[in-house]
Amino acid sequence: SLRPYHLVEIDGGWYVIGHDVDRDARRTFAVPRMSNARILKRRFVRPDDFTLDAHLGGSFGIWRAHDAEDGKTFHVRLHFTGYAAQTVSERRWHPSQQIKLLKKDGSAIELRIELHTLEDVGRWVLSWGRCAKVIEPPALKKRVAEEMEATLKQYR
């Protein structure tokens, strides 16, 4: 059973964050994957320490850091050019973001963010194609390069 704390929409998907009683852990569930949901008559109190910002603060989407990453912080630096530089600079992508102009006309920028997981940001970088380049961390650069190489193989 689930004790729901928050319903949230991220990137067009709806998720319920709450306490999974069976696993005795805070978990995130994709609403479209749920079936046979029932409202039970049992009551519970949402913990005072739960906030959505704290829960998702170190992520770039819905994915949270795995226990294996043990609270590690990734210092992410990305360069954007062309239309991506303008679009990225016009939005707030993450609470920790810092944007630096690399060209005075805004056609090249650097985005810096602090994350606890690289799961969602890798797919986001790939979505910008040649207009995005990972500067650091090396783990993200490797992840993006491997995905690009695997994708390219499908078109050869």
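Colleague: Where do R123 and D120 lie?

Modeller: Both of them are in helix α3, three residues apart, which is about one turn of the helix. Keep in mind that this is a predicted model.

Colleague: Okay. What do the side chains of R123 and D120 do?

Modeller: They meet in a salt bridge, with 2.5 Å from N to O. In general, side chains of opposite charge can pair when their charged atoms come close.

Colleague: Is D120 buried or exposed?

Modeller: D120 has 13% relative accessibility, so it counts as buried. R123 is partly exposed, with a relative accessible area of 44%.

Colleague: Which residue does E119 form a salt bridge with?

Modeller: Its partner is R143, and the closest N and O atoms are 3.8 Å apart. This pair links distant parts of the chain: E119 sits in helix α3 (residues 119-127), R143 sits in helix α4, and they are 24 residues apart.

Colleague: How accessible is E119?

Modeller: E119 is partly exposed, at 25% relative accessible area. R143 is partly exposed too, and its value is 36%.

Colleague: What about D20, which residue does it form a salt bridge with?

Modeller: R23, with 3.1 Å between the closest N and O atoms. D20 is buried, having a relative accessible area of 6%, while R23 is partly exposed at 48%.

Colleague: New topic: sheets. What order do the strands have in the open sheet of four?

Modeller: The order is β5-β6-β4-β7, and the pairing is antiparallel.

Colleague: Which strands stand at the edges there?

Modeller: β5 (98-101) and β7 (132-136). Each has a single partner strand, so one side of each is left without a neighbour in the sheet. From one strand to the next, the twist averages 25°.

Colleague: How many bridges join β4 to β7?

Modeller: Four, and the two strands run antiparallel; β4 covers residues 74-81. To pick out one example, L78 has V134 in β7 as its bridge partner.

Colleague: And which helix packs on the sheet, touching β4 and β7?

Modeller: Helix α4 (residues 138-154). Its direction makes about 145° with that of β7.

Colleague: Which strands does helix α2 lie across?

Modeller: Helix α2 (residues 82-89) lies across β4, β5 and β6 (108-115). It runs at about 125° to β4.

Colleague: There's an open sheet of three strands as well. What's its order?

Modeller: β1-β2-β3, with antiparallel pairing. In this sheet β1 (2-10) and β3 (25-30) stand at the edges. They have a single partner strand each, so one side of each lacks a neighbour in the sheet. Neighbouring strands here are turned by 25° against each other on average, direction ignored.

Colleague: How many bridges join β1 to β2?

Modeller: Eight, between strands that run antiparallel, with β2 made up of residues 13-20. If you want a spot to look at, L7 stands opposite V16 in β2.

Colleague: Let's do aromatics. How many pairs does a search of the whole structure find?

Modeller: Eight aromatic pairs. One of them is F80 with W128, which is edge-to-face: 6.1 Å centre to centre, with 80° between the planes.

Colleague: Where do F80 and W128 lie?

Modeller: F80 is in strand β4 and W128 is in the loop between α3 and β7, so the pair ties together parts that are 48 residues apart in sequence. Both F80 and W128 are buried, and the relative accessible area of W128 is 11%.

Colleague: How far apart are the ring centres of Y83 and W128?

Modeller: They're 5.8 Å apart, and the planes are at 45°, so this pair is tilted. Y83 lies in helix α2 and W128 in the loop between α3 and β7, so here the parts tied together are 45 residues apart in sequence.

Colleague: Last one: which residues form one aromatic cluster?

Modeller: F80, Y83, W93, W124 and W128.

How values were computed. Residues numbered from 1 in each chain as written. Predicted model: local features only at pLDDT ≥ 70, side-chain atom pairs only at ≥ 80, totals over all residues. Heavy atoms only, no water. Pairing = 2+ DSSP bridges. Axes fitted to C-alpha atoms, helices over the stretch in contact; angles between N-to-C directions. Contact = heavy atoms within 4.5 Å. Salt bridge = Lys/Arg side-chain N within 4 Å of Asp/Glu carboxyl O. Buried < 20%, exposed > 50% of the residue type's maximum accessible area, 1.4 Å probe, protein only. Phe/Tyr/Trp six-rings, centres within 6.5 Å; stacked < 30°, edge-to-face > 60°.
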